[in-house]
Amino acid sequence: MSDKMQRIVLASRPTGEPTDENFRLETIDMPTPKEGEVLVKTHYFSLDPYMRGRMDDAKSYAAPVPIDGLMEGGAVGEVIASQHPAYQPGDFVFCMTGWATHGIAREPALQKLDPNLAPISTALGVLGMPGFTGWYGLTELGKPKTGETLVVAAATGPVGSMVGQIAKLRGLNVVGIAGGAEKCRMATEVYGFDACVDHRAFDTARDLRGALKEHCPKGVDIYFENVGGKVLDAVLPLMNPFGRIPLCGMIAWYNAGALGADASTEAITGPRLWRTILVNFLSVNGFIISNHYDRYPDFLREAGPALAAGRIRYVEDIAEGLESAPAAFRAMLKGGNKGKQLVKVL
């Protein structure tokens, strides 16, 4: 085994969109696991929009990544050394070892995987945090009912695609919003959505709203919010009384920095936003999935068999090599990925 490993750290905090200068590739000594720990060789690690917020020094639900600190995130790989009785070399695991070739992992952020049940990469996407996020937000906060209309933003991403597919299994009319004709085709042909609207084809929220109306003639009962920006402005006036909005993300504003404090929202101002919520009796629920992992077994009981039977499908975008992570991350924040964005280390 080599005595060296590589990792990517946060070299500086971005102003607006991240650049190459905000990241640094380092070679360091291989760590040794202590009692209760394992050393993992990374096969894949995950790139997720929430990581952009962690690059800012701003108050949030989790501490920011420190300067010179490892870029955080979920990973899957193989145990190569263990000081934990439940894990042996050769075991495949999910862990939170970040943007690195190797890492030390310990419970509770350590979970054994069975590669015979599903590819280990699915623990980072369709059967992992993103898929669980979509399932929980829709079922617990969206409270879907047969015959209702759901609109989901970022429709072909790992969260949005799970939201739409679970909604279809429960008998809803599902309309996606995605960036580009190819993603819209994926939403309908791969994931089975009833329709999908390309937000890039419209310069204004008003025009986007007009296109959505054609697919939502009875209005919108559930809007699963991943995006913010122009998309939010387009959907909000279409919400039906007593509609529900699970608030999962605001990717359109992340690159504005400081969690979007300086971002332009085009037309949805605070007074208009709150009045629309008030007069339509809307339920808006922000949530962070790490607060709800007691429901993860329930998610797996529904999603696992559906995936095995082909009722739930998934797409992965795989960047090759640790050094490719910054560019893949920047592209993802601008909608460059079609499905779940991973980095393959091995």
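## Ground rules

Because the model is predicted, local features need pLDDT of at least 70 and side-chain atom pairs count only at pLDDT 80 or more, while totals for chains, interfaces and linings use all residues. Residues are numbered from 1 along each chain as its sequence is written, and side-chain values use heavy atoms, with hydrogens and water left out.

## Helix α2 and its partners

Let's start with α2 (residues 129–142) and α3 (residues 158–169), whose axes come within 7 Å and cross at roughly 45°. Helices here are DSSP runs of H or I with at least four residues, strands are runs of E with at least two, and both are numbered from the N terminus. Axes are lines fitted to C-alpha atoms, for helices over the stretch in contact, and angles run from 0 to 180 degrees between N-to-C directions. The two helices are therefore oblique to each other; angles under 35 degrees count as roughly parallel, over 145 as roughly antiparallel, 65 to 115 as roughly perpendicular and the rest as oblique.

On the α2 side, the contact with α3 is made by P130, G131, T133, G134, W135, L138 and T139, and on the α3 side by P158, V159, M162, V163, I166 and A167. Contact means heavy atoms within 4.5 Å. These residues divide into nine nonpolar, four polar and no charged. In this scheme Ala, Val, Leu, Ile, Met, Phe, Trp, Tyr, Cys and Pro are nonpolar, Asp, Glu, Lys and Arg are charged, and the others, Gly among them, are polar.

Helix α2 also meets α9, with axes that come within 10 Å and cross at roughly 95°. That makes α2 roughly perpendicular to α9. Here G131, F132 and W135 of α2 touch Y296, D298, F299 and E302 of α9, a set of four nonpolar, one polar and two charged residues.

## A pocket and a cavity

On a 1 Å grid over the protein atoms alone, a cavity is a set of points where a 1.4 Å probe fits but cannot get out, a pocket is an open set with protein on both sides within 12 Å along at least five of seven lines, and lining residues have an atom within 4 Å of a point. Grid points are joined across faces, edges and corners, and a volume is the space filled by probe spheres set on the points.

The second largest pocket holds about 340 Å³. It has 16 lining residues, and D114, L117, A118, T122 and L127 are the closest to its centre. Helix α9 gives the most to this lining, with five residues, and by class the lining has eleven nonpolar, three polar and two charged residues.

The largest cavity has a volume of about 80 Å³. Of its 13 lining residues, V126, P158, S161, Y314 and V315 lie nearest the centre, and α3 gives the most, with four residues.

## Two backbone details

Most residues other than glycine have a negative phi, and most peptide bonds are trans. The peptide bond from E107 to P108 is cis, with omega near 10°, and P108 sits in the loop between β6 (102–106) and β7. F242, in strand β12 (residues 239–247), has a positive phi of about 65° although it is not a glycine.
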